[in-house]
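Colleague: I have a chain open here and would like a quick walk through it. Can we start with what you mean by a contact?

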Amino acid sequence: MDNVEGEDDRTNDLIMATENLTQHCACGTAFDANHAMVCKKGGFVCIRHDEVGNLTAKMLQEICHDVTIEPALLPLDDEHFTHRTANTSNDARVDVSARSFWARGQTAFFDIRIFDPMAACHRELSLEAAHKRNEQEKSRNYQERIQHVDHGRFTPLVFTTSGGMGPEAVRLYSRLAEVLSGKKRQPQSSVMAWMRCRLSFSLVRSALLCLRGTRSSALRPVSLAGMDYEATVVESRIDQRLQ
Ligand SMILES: [Zn+2]
């Protein structure tokens, strides 16, 4: 499976969507497509991250018991880890967990990272190398702890802002598609294509929200003159079926 398939097209689409954008961000930095993907003002980066986590949890619920969003890891008892960047907080959480996904009775833990391949820190790397680096960073944060303390298995789920998937994420969704296709009696290729499309659509829609969404940190009186209806509905999680 080609991980970078369509990546250039998606990136070009996003660059085209940056036309007529503001030059200055509400956080005080110059605004461009790269900044829009990482700026935390307005909460769009969190919405993008949560949307992928919730969608993955929903898919896992179709085939696993005990799917949990933001499960807490077991507290530490003076354990030490090889990597300096290992998360040693007693409040540590990952994004999703599911029991009996990779192996019967074992809990699988997943943590999501969405990175911008056009960001300065990734520009010198190939897309494959950037995926690898992000997966390694996540694994150093959690893998050893989850393996030795929680007795589970950790998988980093790395995506690009334009919808590409890292090799570990491809492995997860392929396995998910395999089991789901057996359960639903549907072709595995169709299930995988639907998953890729759904995840990709979700990421691209979120990227557009990061680009176009109105950034503000405090509640202000509603002014309909400059209202961004779409961004507000998504940010407030209003059910769009209510009309
Ligand atoms: Zn900003």
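Modeller: Two residues are in contact if their C-beta atoms, placed from the backbone, lie within 7 Å. By that rule Leu176 touches Met59, Leu60, Ile63 and Met195, leaving out residues up to four places away in sequence. Bear in mind that this is a predicted model.

Colleague: Fine. How many helices and strands does the chain have?

Modeller: Seven helices and four strands. Starting at the N terminus, the order is α-α-α-β-β-β-α-β-α-α-α.

Colleague: And what share of the residues counts as buried?

Modeller: 28% of the 243 residues. As for contacts with a separation of 6 or more, 64% are between residues 24 or more positions apart.

Colleague: Back to the core. Which residues in the largest nonpolar core touch the most other members?

Modeller: Phe110, Phe159 and Leu176, out of 39 residues in that core. Elements giving two or more residues to this core include α2 (33–38), α3 (44–61), β3 (107–115), β4 (153–160) and α5 (167–184). The largest share comes from α6, with seven residues.

Colleague: Why would such residues sit together at all?

Modeller: In soluble globular proteins, nonpolar side chains tend to be buried together.

Colleague: Changing topic: β4. Why call β4 largely enclosed?

Modeller: Because seven of the eight residues of β4 are buried, the rest of the structure largely encloses this strand.

Colleague: In which sense do β3 and β4 pair, parallel or antiparallel?

Modeller: Parallel, over eight bridges. The chain gets from β3 to β4 by way of α4, and this β-α-β crossover is right-handed.

Colleague: What stands opposite Phe115?

Modeller: Thr160, in β4.

Colleague: Now α4. What is the distance from its first C-alpha to its last?

Modeller: For α4, with 22 residues, the distance is 31 Å, close to the 32 Å expected at 1.5 Å a residue.

Colleague: Where does α4 bend?

Modeller: At Ser139, by about 45°.

Colleague: Which residues of α4 are buried?

Modeller: Ala130, His131, Asn134, Lys138, Asn141, Tyr142, Gln143, Arg145 and Ile146.

Colleague: And what covers the buried residues of α4?

Modeller: The cover includes β3, β4 and α5. So that you can check this on screen: buried here means 20 or more other C-beta atoms within 10 Å of the residue's own.

Colleague: Good, I'll look at α4 and its bend at Ser139 next.

Terms used:
Residues are numbered from 1 along each chain as its sequence is written. This is a predicted model: local features need pLDDT of at least 70, side-chain atom pairs count only at pLDDT 80 or more; totals for chains, interfaces and linings use all residues. A residue is buried if 20 or more other C-beta atoms lie within 10 Å of its own, exposed if 12 or fewer, and partly exposed in between; C-beta atoms are placed from the backbone. A nonpolar core is a set of buried Ala, Val, Leu, Ile, Met, Phe, Trp, Tyr and Cys residues joined through C-beta atoms within 7 Å. The expected span of a helix is 1.5 Å times one less than its number of residues. The bend at a residue is the angle between axes fitted to the seven residues ending there and the seven starting there. Two strands pair if DSSP finds at least two bridges between them. A crossover is right-handed if, with the strands pointing away from the viewer, the path from the first strand over the helix to the second runs clockwise.
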